[in-house]
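Hello,

Here is the structure I promised to pass on. Please open it first, then read my notes below.

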Amino acid sequence: MKKRVTGIPDPVLRLGIVFICFIGIVLFIRIVIIPSPLKETGSQRTSAIERELSREIYFAGSDICSDCHDEESALNRSGHHKYLSCETCHGPALEHTEDSEILPSAPREREFCSQCHTYNLSRPTGFPQIFPIAHNPLDPCISCHDPHDPKTPEIPGECSACHAQIERVKIGSPHFFLRCITCHETPEGHKIQPRLVSSTKPVEREFCATCHSTESRVEDTPKIDFLIHGEDYLCWQCHYPHRPEIEK
Amino acid sequence: MKRRKFLSSLTNLTLLIISGSVVKTTLRGAVETYLTDTAGAKKRFTMGIQTQKCIGCGRCVTACKTENNVPEEPFYFRTWVEHYVVKKDDSVIVHSINGGSGEISENIKEHDVLRSFFVPKLCNHCENPPCVQVCPVGATFKTEDGIVLVDEDRCIGCSYCLQACPYGARYIRPATHIADKCTLCYHRIKKGLNPVCVEVCPTQARVFGDLESGASPLVRLKRMKNTHVLKPALNTEPKVFYTDLDGAVK
């Protein structure tokens with residue numbers, strides 16, 4: 001049996017050594033093995049936030065563009081494209097702001113413009129839309145429209161230039177051969193300032209009765225006795241005039 | 001006597017430890033208040049979306065992919081645009097071809113359509129984010145600006161958060177096999193830039209701002225328009241606000 005040096009009972013000493021070893025191992029794992037990001041206990045992760053902040057930026061933001069390109073910028077801010085950022089069309093340009101040798105893209109092809117301006121029934125009313133197949137096919141858009149200040153090169157000749165949806169609905173309808181101005185009185189100013197000068201809509205039953213009443217002299221139209229047919233209602237409440245058949 | 005001395009020193013030690021921890025928490029609180037006061041008021045960044053202005057061009061989707069190195073394949077998105085078509089028989093068709101950045105026309109007869117519109121979507125940066133709650137390793141967390149981020153060091157790619165997110169805003173990055181999602185372009189907004197989807201949106205359908213600031217465009221939007229959030233019944237308290245949100249939107 002060993003001589004007791006410290007005066008501590010032997011079993012306590014042994015237990016103590018085991019205990020100290022255990023603490024040592026735990027501290028070793030905690031300090032050396034576990035990587036420092038995993039030791040953060042707060043909800044804020046400094047390392048993760050720093051990593052996010054150090055990510056590369058590609059889009060410079062349009063404010064910086066006007067520092068050099070003030071003419072284009074001023075022109076752009078005055079036209080219909082004033083809410084467009086430069087980089088919406090020209091692509092990411094942070095590299096270009098640091099080194100002017102690296103040029104951002106300048107799209108010339110029709111497909112680029114038509115990504116926004118192709119007719120789609122879901123697009124908001126009033127947003128300028130065209131049918132690329134029917135609208136000067138194969139010509140680049142920029143040959144008529146300046147993308148920094150897009151305007152129609154001439155006053156639209158046909159109503160369908162803006163009211164394409166109605167024109168398409170009318171194709172399959174018996175009213176196809178009626179011109180728009182037969183029913184809508186359209187002042188000349190409507191073509192230039194469509195929102196300020198509006199065209200009219202027929203609101204009275206008598207207007208439809210000129211063709212569709214039994215007394216009408218117009219041939220080949222469905223006739224109805226306006227005295228007994230739907231007397232309390234206006235015609236358009238049941239019949240959609242651009243495609244007149246009874247809505248079910 | 002020895003026993004009495006031991007007990008009294010034990011009591012003293014306990015008192016010392018307790019008072020020490022109290023002082024520590026008080027000091028930490030004071031330091032935090034000082035830091036937030038000096039760094040300016042607390043911020044809560046988020047986004048407003050005006051659905052009636054969205055034209056479904058998908059410029060935001062492509063720009064987001066460029067800025068944030070999101071894989072090109074058409075099923076990884078941080079933001080995407082959904083195309084809703086409500087037909088006259090009240091059936092709703094929702095699709096998002098290539099995240100809304102590609103072809104949008106579909107064989108739907110115009111005469112059958114009752115109404116139709118686009119809804120851009122992204123992470124809602126919820127006040128009570130379910131993704132943070134379910135993460136088994138605590139990799140997803142909310143910053144003090146109210147933005148939900150993923151800690152790449154902790155994420156083990158178990159996809160629980162993908163299941164938990166009611167908005168489908170997350171995906172697993174195929175190269176690293178960790179969860180990824182919209183950070184509201186954290187690296188840009190902290191430098192005073194707009195998130196890239198807001199930057200490139202041609203119709204100002206997306207509005208970015210700080211909810212705590214009285215002058216931010218987002219607060220102005222919330223004041224002027226009726227705003228709604230997606231799936232409010234889930235109590236996740238989403239922070240992306242939609243104006244003119246249609247009842248058909250899920």
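Start with a sheet in chain B. Four strands make an open, mixed sheet, ordered E9-E1-E11-E10. Strands are DSSP runs of type E of at least two residues, helices are H or I runs of at least four, and both are numbered from the N terminus. Two strands pair if DSSP finds at least two bridges between them. Strands E9 (206-210) and E10 (227-228) of chain B are at the edges with a single partner strand each, so one side of each has no neighbour in the sheet. Strand E1 (residues 45-50) of chain B runs antiparallel to E9(B), joined by 5 bridges. There, B:Thr46 sits opposite B:Gly209.

This is a predicted model: local features need pLDDT of at least 70, side-chain atom pairs need 80 or more, and totals for chains, interfaces and linings use all residues. Residues are numbered from 1 along each chain as its sequence is written, while chains are lettered from A and ligands numbered from 1 in the order written.

Now chain B as a whole. It has 7 helices and 11 strands. Its C-alpha trace spans about 100 × 40 × 35 Å along the principal axes. Of its 250 residues, 40% are buried (20 or more other C-beta atoms, placed from the backbone, within 10 Å of the residue's own).

Last, the contact between the chains. Chain A gives 33 residues and chain B 39; residues are in contact if their C-beta atoms, placed from the backbone, lie within 7 Å. On chain A's side, H2(A) brings the largest share, 6 residues.

Best wishes

Terms used
Two residues are in contact if their C-beta atoms, placed from the backbone, lie within 7 Å. A residue is buried if 20 or more other C-beta atoms lie within 10 Å of its own, exposed if 12 or fewer, and partly exposed in between; C-beta atoms are placed from the backbone.
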